[in-house]
Structure formats: structure tokens, C-alpha cells
Amino acid sequence: MPGQPIAPQLELRFRLGLYAGVRPIRAIPGVPLALAHPRAKEIDLVILRESTEGLFAARGRGEVIGDSEARDTMVITRATTERLSRFAFRLAERRAARLGRPQKVTLVDKANVFTSMAFMRKVFREVAAEFPGVPAGEHYVDAMALDLVRRPWQRRRQPDGDAALHRADARLARQPWGRAGLDGCGDGAGSGGGRRLRRWTAQRGVRRRGHGGDRARRRRAHPVSLAAARNSAAMDVFEAMATRRSVRGFLPDPVPRATVEAILSAASRAPSGSNIQPWKVRVTVGEEKARLSAALRAAHDAGAQVARDYHYYPRNWREPYLARRRKLGWDLYRLAGVARGDHAAGHAQRARNFDFFGTPVGLFFTLDRDLEQGSWLDFGMFLENVMLAARGFGLDTCPQAAFCDHHDVVRAHLGLRDEEALVCGMSLGRADPTEPTNLLVTERAPVEEFVTFGPGA
Ligand SMILES: Cc1cc2nc3c(=O)[nH]c(=O)nc-3n(C[C@H](O)[C@H](O)[C@H](O)COP(=O)(O)O)c2cc1C
């Protein structure tokens with residue numbers, strides 16, 4: 001159109017077939033930050049911007065009808081979406097390996113308005129399924145713009161400090177979508193905390209402030225569950241499952257008691273046969289934990305193992321379980337720098353269990369001995385809930401059966417009753433990103449290996 005400014009950089013993109021504008025955004029230590037917030041130093045994300053499709057595909061093809069209307073057509077192809085999505089997931093894998101923490105890929109779009117973007121979401125999800133180890137999410141562009149302004153350092157929710165895939169146009173402030181405002185923020189894909197919290201409380205019959213009734217009684221029943229709900233809105237269940245892993249090196253950062261309570265309260269929603277809730281938890285911190293660690297290390301060094309309260313492992317190892325166990329051991333020891341046959345180094349690595357891998361909070365789980373196998377099953381569900389709820393708070397865990405070899409020591413120090421079997425211990429805290437063993441990504445057998453679909457399934 002006469003008078004239209006030229007865009008030579010676009011010409012280059014089309015000629016060279018460029019499809020991924022890689023825009024790393026991070027705070028560099030020692031370089032002054034434009035933002036005053038103390039957490040600004042945590043900013044670390046990458047925006048990938050597709051360069052030739054979306055509205056840009058209309059470049060030079062738009063039409064002005066009469067002098068009253070102008071039209072540009074948006075184009076999104078499967079080929080480019082697949083290519084860009086794969087690029088993003090591979091980048092996330094590389095970043096995860098380098099940074100020692102999972103990296104999420106978030107598709108930023110306006111799929112609630114544009115058919116082309118709903119199609120892009122569909123293709124993105126297909127590609128995401130090829131990368132089960134990388135958490136994937138979606139965010140509306142206006143909600144993302146808000147989050148990038150409000151908390152660009154935030155890792156627990158989008159954009160999460162992770163690889164973000166922004167297709168179409170990064171000029172969010174100009175709102176090329178034709179709709180102003182924050183219409184993505186009130187629904188599940190937006191920031192969503194308020195509505196989710198309301199839905200959560202409604203489902204549980206927890207009345208909201210100002211509605212009177214039996215509020216006080218319900219508060220006693222769920223003392224910190226509202227806090228848990230607020231935080232759980234930060235991470236969806238798939239992300240929590242995908243990012244849970246056994247962490248064997250923690251930062252010394254304290255975990256507030258209220259957070260531990262909120263995690264355990266949320267976890268207690270686990271199902272149990274006839275709702276008998278067989279789990280018991282003993283939390284240990286500070287001086288008591290330090291004394292226990294010292295006693296456990298001494299018992300470990302002396303080789304003073306006692307018979308466990310239960311048989312965790314098969315008495316006769318066989319395939320495929322033996323090979324999986326060996327692989328885990330080798331992979332872990334390789335990262336820990338323990339050479340094969342170096343028994344002293346192996347002993348030292350195992351001893352780290354008894355220091356709770358450096359975290360300030362230790363949990364012990366016990367079960368009344370007179371309960372049956374069903375209760376052990378219930379217990380497993382509770383344990384997984386604890387670990388997932390911890391992820392909701394941005395925390396990590398390591399479940400530890402190692403303590404069972406010295407349950408006599410644990411029992412004596414924590415005053416556990418003889419009638420209680422020690423199920424396991426657990427370290428809870430914030431993962432140390434510099435700990436080499438935290439780079440371990442354990443494998444899982446594919447679905448075909450453990451699932452049989454019956455006729456018609
Ligand atoms: C009940 C239980 C006890 C475990 N005990 C230990 C332990 O004592 N020390 C340890 O380093 N890891 C322990 N693990 C972690 C497993 O090795 C780990 O879950 C497994 O290798 C899969 O890896 P992931 O948790 O990172 O996905 C335990 C796991 C479970 C479920």
C-alpha cells in the first residue's frame with residue numbers, strides 16, 4: 001500500500017526460512033537490573049517467536065476495501081508449528097540438563113478467539129506428547145503479558161522461567177488480537193487463582209468470609225487448606241507429576257511449619273479403604289534432627305543394620321526388576337562421582353541419606369503394625385500426595401527407605417511406639433541446583449510394556 005513503511009528484516013526472515021526467533025531473557029549477575037524487585041535476579045526464560053506465519057503471513061497481501069475497511073488474513077501451518085514446537089521442547093531439554101531443574105514449554109496464543117490458534121494448540125499438544133519428560137502448558141497472550149509484567153521471575157506458574165513459545169507477534173502491548181483487556185485471566189488458562197480458589201472452596205463446602213455459618217469449625221478442620229489451595233493453583237497436576245523426582249541435594253533454606261502443615265493437610269485427601277486414614281507422620285527439624293542424623297551416621301558407619309519392619313524388595317531379584325534397579329544405581333553413582341567398586345565412596349553416598357541430603361526438614365511415616373496390606377496400599381497414595389503437594393509449593397522431596405535399616409535409632413530418638421512400623425522417611429525442601437545427582441532423570445517403561453488393552457479398548 002502506498003506510504004506503508006518497509007520491513008527489511010521480514011524480507012530476510014522469509015528468504016532465509018527463519019522460523020524461531022530465540023529471545024533469551026535473564027538477569028546476568030553483576031549487570032545492573034532495570035527492575036527493583038529483589039526477585040528480578042531470578043529471571044531466566046526464553047521466548048521463541050515464530051517469524052513468518054500468523055498475521056505476518058499476510059505481509060503484502062492485505063487488502064483495503066473501498067476506503068472503509070482493511071483485511072489481513074492469519075495463516076498457521078502444521079509444518080511450521082511442528083518444527084517450532086519441537087525446537088522449543090528440545091531447547092527445554094537442554095536447559096533442564098544445564099540448569100538442573102525441569103523446564104516447561106508454554107504455548108502463548110489466543111485459542112479462545114481464533115480458529116487458527118486453536119489449531120496451533122492442537123498441533124502443539126501432539127508434539128508435546130513426543131516429549132513426556134518436558135512439562136507443557138498453554139497461556140493466553142493477554143494473561144501472559146500480565147504475568148510477564150507482574151512476576152517475570154516466577155518459576156512455579158507460567159511463564160515459569162522456562163522456555164516459552166510465543167507464536168505470532170511479541171508486541172503484546174499493541175494487542176494485535178483485536179481484543180483489549182485481560183479476558184484470559186479469569187479462566188483456567190489464565191492466572192485463575194481467584195476462580196479456582198472459589199471452585200475449590202465450593203467443592204469442599206468451605207464458606208467464604210462474610211457468609212457466616214460454621215466457618216470457624218471448618219477452619220479448624222482444614223487449618224491451612226486454603227493456603228494450600230492458593231499455592232496449588234500455581235501448578236497443575238500433570239506438571240506436579242512430571243516435575244516430581246527424588247532430589248538428593250537440598251539448599252539449607254528453611255521450610256515454614258505452616259507450609260509443612262499445608263502439604264500434609266492437602267495430602268490427607270488421599271483415598272483409603274473405608275476412609276480409615278492409616279498414615280501417621282513425625283516431623284523432625286533443628287537440634288532433634290541433627291542429633292538423629294549423627295546417631296544414624298554412626299550406626300551406618302558401624303554397619304549396625306537391623307531387620308526392616310517390612311520387606312520392601314523381592315527376596316529373589318529377577319528381570320526386569322533387577323536391570324532397572326542396577327541402572328538406577330549406576331546412573332546415580334556416575335553423577336555422584338562414585339566409581340564402580342569404590343565401596344568407600346558408595347558408603348559415603350548412602351550416608352547422605354542420613355543427613356536428609358542437606359535439607360532442614362525430615363519426615364517419618366509410620367503405620368500401626370496390626371493394619372493389613374490394604375493400609376500399606378493407602379499409605380503409598382498418601383506418600384505420593386505429599387510429594388505432589390510439595391511440588392505445589394515449589395518444594396522437592398526424596399522418599400527414603402534407607403532409614404528402615406536403622407528404625408531402632410529413629411524409634412529411640414523420636415519416641416516412636418513399638419506398635420508403629422516405620423514405612424519410610426522423607427527429605428523435604430528446596431532442590432540445590434548445583435547438586436550433580438539432581439540431574440538424574442530416571443526412565444520409565446513405555447505404556448505398551450505395562451498396559452494391555454482388551455478387545456474394543
Ligand atoms: C518408598 C521409597 C523409598 C525410597 N528410598 C530411597 C532411599 O532410601 N534413598 C534414595 O536415595 N532414594 C530412595 N527412593 C527413591 C527411588 O530411588 C526413586 O523414586 C526412583 O529411582 C525413581 O526416581 P524418581 O523418584 O526420581 O522419579 C525411594 C523411593 C520410594 C518410593
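**Group meeting: a walk through the predicted model**

With 7 C-beta neighbours inside 10 Å, Asn-275 counts as exposed. The cut-offs are these: a residue is buried if 20 or more other C-beta atoms lie within 10 Å of its own, exposed if 12 or fewer, and partly exposed in between, with C-beta atoms placed from the backbone. Asn-275 sits in the loop between α9 and β8 (280-284). Its phi is positive, about 55°, although Asn-275 is not a glycine. Most residues other than glycine have a negative phi, and most peptide bonds are trans.

Some housekeeping. This is a predicted model, in which local features need pLDDT of at least 70 and side-chain atom pairs count only at pLDDT 80 or more, while totals for chains, interfaces and linings use all residues. Residues are numbered from 1 along each chain as its sequence is written.

Phe-357 also has a positive phi, near 50°, and is a residue other than glycine. Phe-357 is in the loop between α12 (343-351) and β9. Is Phe-357 buried or exposed? Phe-357 counts as buried, because it has 23 C-beta neighbours inside 10 Å. One more backbone item: a cis peptide bond, with omega about 5°, joins Glu-319 and Pro-320. Pro-320 is found in the loop between α10 and α11 (321-336).

Now the whole chain. The secondary structure comes to 15 helices and eleven strands; these are DSSP runs numbered from the N terminus, helices being H or I of at least four residues and strands E of at least two. Of the 457 residues, 32% count as buried. Among contacts between residues at least 6 apart in sequence, 79% join residues at least 24 apart. A contact here means two C-beta atoms, placed from the backbone, within 7 Å.

Next, the cores. A nonpolar core is a set of buried Ala, Val, Leu, Ile, Met, Phe, Trp, Tyr and Cys residues joined through C-beta atoms within 7 Å. The largest one has 42 residues, and Ile-263, Phe-365, Val-386 and Ala-390 touch the most other members. At least two residues of this core come from each of α9 (257-267), α10 (286-301), β9 (361-368), α13 (373-392), α14 (407-414) and β11 (420-429). Which element gives the most? That is α13, with eight residues. Leaving aside neighbours within four places in sequence, Val-386 is in contact with Ile-263, Leu-264, Ala-267 and Met-426. There is a second, separate core of 26 residues, and Leu-45, Val-46, Leu-84 and Phe-124 are among them. In soluble globular proteins, nonpolar side chains tend to be buried together.

On to the strands. β11 is mostly covered, with nine of its ten residues buried. Strands pair if DSSP finds at least two bridges between them. β9 and β11 run antiparallel and are joined by eight bridges, with Gly-362 opposite Ser-427 in β11. β10 and β11 also run antiparallel, joined by five bridges, and here Thr-397 stands opposite Leu-428.

Strand β5 (residues 105-109) is largely enclosed by the rest of the structure, because five of its five residues are buried. Val-105, Leu-107 and Asp-109 point one way, and Thr-106 and Val-108 the other way. Five bridges join β5 to strand β6 (residues 136-140), and the two run parallel. Within that pairing, Leu-107 stands opposite Glu-138. The chain goes from β5 through helix α3 (residues 115-128) to β6, a right-handed β-α-β crossover; right-handed means that, with the strands pointing away from the viewer, the path from the first strand over the helix to the second runs clockwise. In helix α4 (residues 141-150), the buried residues include Val-141, Met-144 and Leu-148. The buried residues of α4 pack against β5 and β6.

Then the ligand. Which residues are around the ligand? They are Arg-245, Ser-246, Arg-248, Leu-328, Asn-353, Cys-398, Pro-399, Gln-400, Ala-401, Ala-402, Cys-424 and Thr-442. The test is a C-beta atom, placed from the backbone, within 6 Å of the molecule. Strand β10 (residues 396-400) supplies the largest share of this shell, three residues.

Last, a surface position. Arg-291 is in helix α10. Arg-291 is exposed because it has 12 other C-beta atoms within 10 Å. The C-alpha atoms of Arg-291 and His-413 are separated by 8.1 Å, though the residues are 122 apart along the chain.
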